Amino acid sequence: MTILLFLLAIIIVVLSLWLVNIYQKIHEIKNLVESFQRGDLRKRLYLKGKGGLTEIAQGLNQLAERCLSKDEEKDIQRERLLSILMSLPDGVVVLDRDKKTVLANTAFLDLFRITDYEIEGKAFTDIIRVPEVLDMIDTTYRERELSLKEFYYDITSRYLQVIGVPNKMRSGIVLIFRDISEMKRVEEVRRDFIANVSHELKTPITNIRGYTETLLEGAIHSRDDALRFLGTIRSNVERMERLITDIMHLSKIEMGYLTIDKRRTDLGISVERVLQLFRKKADEKGIEIINNTTGAEIEADPERLEQILTNLVDNAVKFTEKGYVEVNYEERVLSVRDTGIGIPSKYIPRLGERFFRVDPSRSRQLGGTGLGLAIVKHLVNAHGWQMMIESEVGKGTEVKIIT
Ligand SMILES: Nc1ncnc2c1ncn2[C@@H]1O[C@H](COP(=O)(O)OP(=O)(O)O)[C@@H](O)[C@H]1O
Ligand SMILES: [Mg+2]
């Protein structure tokens, strides 16, 4: 009997020890799960022995491991997306359904000169107050369709384009801002150019038409009138020819078809060839033409060099009434100097702009197209040289090319 009681006691002790052990393991598992719930996926539980609870603990460990690597992967992906977004040249802003800012990249902050980096969660209308943009945002929210707008932002004096894209997943929208000032400028230059060309062509065409009609209406019967009118028609045609040649030239240069084949060139001979073209005209005006480059050598494309010189000497002779025109070359500076009418200093920065002339009607009268210096500027740059113009009204002008 006592033996039986003793055995029972032993069984009870063993059983309770076993139960305590199980209770402890369950408690540890509970703690582990609680830490997971708090978001601490780094905690692990290693239970001694074999059995169901040890396996559960192992299973939980593995699960946490997998979640953790998924989380890390997500972090990496998020980081990658963020770095792409931040390196975009376009400004990007994500708005939620309540028009609050969820995300904005640095380009956006730069475009609007925003120095407050904590704009997340703020209402967009508190950040940007440009009516065009606010209108566009309303439209994008309302119509849930892509929309686009251009506007002038006077704080930075830039033209901006904004594209609104509805964000299907979150019922918010994404705004993309782009600086289109340079595009606008190019567009404007092109528009101006077309307007200028049309304007330049209109006068000779009107003249030709007028004189042709006069001839047809009877002037042809007077030999003297007929010769005079035909002479005028011819000079108008020549004017158009010069204009078209210069335009074609300029467009060829600007389209990148210009190749510069630099080689050792006898500058003195090139200058002499060019001056020869103007000697007669200079004689008629009583101006002296001087070549101070005899014997000099230069690294240049001879054909282009003569084009440069032709335009510069043409201007010098054209805009000089007395004195001289001389071409010099000293210490790598090639210059064409005259004692002519000079150029007011406020206009000097504009020289080389297409169709820019100090006195348009005088330039036209003298057969100019207003494109000469623009062509020269391109040719000089293509050689890797620099052009500088110095001038004084009434004294003269010197165009220097630093080679
Ligand atoms: N040597 C110069 N002396 C005075 N004015 C000049 C001289 N060279 C250029 N200019 C001014 O610059 C303008 C532009 O020159 P250019 O492009 O060669 O046009 P164009 O000779 O057809 O008038 C001229 O119309 C003139 O007003
Ligand atoms: Mg000219």
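## The largest pocket

Six elements each supply at least two residues of the lining of the largest pocket: α7 (223-254), α9, β10 (333-338), α10 (360-365), α11 (372-382) and β12 (396-402). The largest share comes from α9, with 8 residues. The model is a predicted one, and the pocket's volume in it is about 960 Å³.

Helix α9 spans residues 302-318, and strand β9 spans 323-330. Thr320 sits in the loop between these two elements. Is Thr320 buried or exposed? Its relative accessibility is 0%, so Thr320 counts as buried; the cut-off for buried is under 20%.

The side chain of Thr320 reaches back to Ala316, lying 2.5 Å from the backbone oxygen of that residue. Beyond its neighbours within four places in sequence, Thr320 is in contact with Lys285, Ile287, Val325, Asp338, Thr339 and Gly340.

## A five-stranded antiparallel sheet

An open sheet is built from 5 strands in the order β2-β1-β5-β4-β3. The pairing is antiparallel. Strands β2 (101-104) and β3 (147-153) stand at the edges. Each has a single partner strand, so one side of each lacks a neighbour in the sheet. On average, neighbouring strands are turned by 20° against each other, direction ignored.

Helix α5 (residues 131-143) packs on this sheet. The helix touches β1 (91-95), β3, β4 and β5. Its direction makes about 170° with that of β3.

## Two hairpins through β4

Strand β4 takes part in two hairpins, one with β3 and one with β5. Strands pair through backbone hydrogen bonds, either parallel or antiparallel. Here, β3 and β4 pair in the antiparallel sense over 7 bridges. Ser147 has Gly164 in β4 as its bridge partner. The β3-β4 hairpin has 4 residues between its strands. In that turn, Ser157 has a positive phi of about 55°.

Which residues do β4 and β5 cover? Strand β4 runs over residues 158-167 and β5 over residues 172-179, and the two pair in the antiparallel sense over 8 bridges. Ile163 stands opposite Ile176 in β5. Pro166 has Ile173 in β5 as its bridge partner. The β4-β5 hairpin also has 4 residues between its strands. Ser171, in the turn, has a positive phi of about 50°.

Definitions and conventions
Residues are numbered from 1 along each chain as its sequence is written. Chains are lettered from A and ligands numbered from 1 in the order in which they are written. This is a predicted model: local features need pLDDT of at least 70, side-chain atom pairs count only at pLDDT 80 or more; totals for chains, interfaces and linings use all residues. Side-chain values use heavy atoms; hydrogens and water are left out. Two strands pair if DSSP finds at least two bridges between them. Axes are lines fitted to C-alpha atoms, for helices over the stretch in contact, and angles run from 0 to 180 degrees between N-to-C directions. Contact means heavy atoms within 4.5 Å. Buried means under 20% relative accessible area, exposed over 50%, partly exposed in between (1.4 Å probe, protein chains only). A polar contact is a pair of N or O atoms within 3.5 Å; within protein, one must be able to donate a hydrogen and the other to accept it, and residues adjacent in sequence count only if both atoms are side-chain atoms. On a 1 Å grid over the protein atoms alone, a cavity is a set of points where a 1.4 Å probe fits but cannot get out, and a pocket is an open set with protein on both sides within 12 Å along at least five of seven lines; lining residues have an atom within 4 Å of a point. Grid points are joined across faces, edges and corners, and a volume is the space filled by probe spheres set on the points.
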